[in-house]
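Hi,

Here is the structure I promised to pass on.

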Amino acid sequence: EVPWYNVINGRCMAIRRAAFVALAGFDEGLVSGEDFEFLYRVTQSGGRVYALGDLRIYHNPPTTLRTLIRKTIWYETGNAQVSRKHPQSGYRMTLRSPWHAAGYLALRTFLLPVFMIVKLSYHQRQPQLTFRPVPAMLSYLGAWVYCLSWFAEERADGRRAASLPARSTIPT
């Protein structure tokens, strides 16, 4: 069974307004992935998410490599934000420490040549021999952006916490 966050997103979603408002809508603090994060909250509140099997939405791919790189950075930054916000969701990998991230990036670096000639897909499940250096490099870039964004959020969380007054000094 494919998880809901791999088949449904904001481009093909319908929801009753009352439910959208009750769940406070999309988290506008996220760079991207707000639709996946919202659907996670829908499921956690007891709502159901359905995918219509024959629904297809086509999006023209980016026309330049620069645009493709920018989209990769944008998406992976948002993916890290969503994963940090809801680590229990299984949306993406939870990074436990900088050492965990370093190990993951070392593995991705080691496997980069393999990913250039073997296509692995969550949906197809069968590896295919092919020559795909650009997707492999974009995936590798995405891994780096994800890890850096994960810990950038952690540093930002620490700065936000440090800027708050101590509990005892908050007037009641």
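**The salt-bridge network**

The side chains of D27 and K85 form a salt bridge, 2.5 Å from N to O (a salt bridge being a Lys or Arg side-chain nitrogen within 4 Å of an Asp or Glu carboxyl oxygen). That one ties together distant parts of the chain: D27 is in the loop between helix 1 (17-22) and helix 2 (34-44), K85 is in helix 3, and they sit 58 residues apart. Keep in mind that this is a predicted model, where local features need pLDDT of at least 70 and side-chain atom pairs pLDDT 80 or more, while totals for chains, interfaces and linings use all residues. Numbering runs from 1 along each chain as its sequence is written, and side-chain values use heavy atoms, without hydrogens or water.

K85 also pairs with E37, at 3.0 Å (N to O). This bridge connects helix 2 to helix 3 across 48 residues. Shared partners then join D27, E37, R41 and K85 into one network. The R41 link is a salt bridge to E37 at 2.9 Å; the two are four residues apart in helix 2, so about one helical turn separates them.

How accessible is E37? Its relative accessible area is 0%, so it is buried (under 20%; exposed is over 50% and partly exposed in between, with a 1.4 Å probe and protein chains only). R41 is buried too, at 17%, whereas K85 is partly exposed at 38%.

Helices here are DSSP runs of H or I, at least four residues, numbered from the N terminus.

Cheers
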